[in-house]
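Dear colleague,

I am handing over the structure below, and I would be glad if you could look through it with the notes that follow. Please keep in mind throughout that the model is predicted.

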Amino acid sequence: MAPKYFVLIGLPSDHHLIPAAVQPKIAEGLAKIGAKFEAEGLDFHFFAASPESGLEGFKKHLQDKPADAVIIGMGVRGNPELTVFLEQIIDAARSVLPNVRILFNTTPETTIDAAKRY
């Protein structure tokens, strides 16, 4: 049986809405996530997207490799300016995978916790 596949979608770590002081911490956290998923026997991919880049690439990724769950990062969810983008992410995921589970993290480090709740 193939391992469960999780896609984390969030802002690029250098996005202008992420404070400059936080950007290195996010980049470091993202670098560590893959190893945590592998240690748990889970498959993982980070997809960087923003309102400026749109979600066509995200939808194509889900078509090419369907995910068991999409995890939405706090950088999107925690910013009121990105509420519409958050809704667009959920709509995009469900347009490709109607039954995909939507999960949330609070930091890059808690991404594995979200996956374990699946």
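Helix H2 passes helix H4 in a right-handed crossing. The two helices, H2 covering residues 56-64 and H4 covering residues 83-96, pack at an angle of about 30°, and their axes lie 9 Å apart. Because angles under 35 degrees count as roughly parallel, H2 is roughly parallel to H4.

As for the residues that form this contact, H2 contributes Phe58, Lys59, Leu62 and Gln63, which meet Ile89, Ala92, Ala93, Ser95 and Val96 in H4. By residue class, the contact of H2 with H4 divides into 6 nonpolar residues, 2 polar ones and 1 charged one.

The other feature to pass on is the largest pocket, which has a volume of about 350 Å³. It is lined by 21 residues, and those closest to its centre are Ile18, Ile26, Met74, Gly75 and Pro108. When the lining is traced back to the elements of the chain, strand S1 (5-10), helix H1 (23-39) and helix H3 (74-77) are each found to supply at least two of its residues. The lining of the largest pocket is made up of 12 nonpolar, 7 polar and 2 charged residues.

With best wishes

Note on methods. Residues are numbered from 1 along each chain as its sequence is written. This is a predicted model: local features need pLDDT of at least 70, side-chain atom pairs count only at pLDDT 80 or more; totals for chains, interfaces and linings use all residues. Side-chain values use heavy atoms; hydrogens and water are left out. Axes are lines fitted to C-alpha atoms, for helices over the stretch in contact, and angles run from 0 to 180 degrees between N-to-C directions. Helices (H or I, at least four residues) and strands (E, at least two) are DSSP runs, numbered from the N terminus. Angles under 35 degrees count as roughly parallel, over 145 as roughly antiparallel, 65 to 115 as roughly perpendicular and the rest as oblique. A crossing is left-handed if the near helix is turned anticlockwise from the far one by less than a right angle, and right-handed if clockwise. Contact means heavy atoms within 4.5 Å. Ala, Val, Leu, Ile, Met, Phe, Trp, Tyr, Cys and Pro count as nonpolar, Asp, Glu, Lys and Arg as charged, and the others, Gly among them, as polar. On a 1 Å grid over the protein atoms alone, a cavity is a set of points where a 1.4 Å probe fits but cannot get out, and a pocket is an open set with protein on both sides within 12 Å along at least five of seven lines; lining residues have an atom within 4 Å of a point. Grid points are joined across faces, edges and corners, and a volume is the space filled by probe spheres set on the points.
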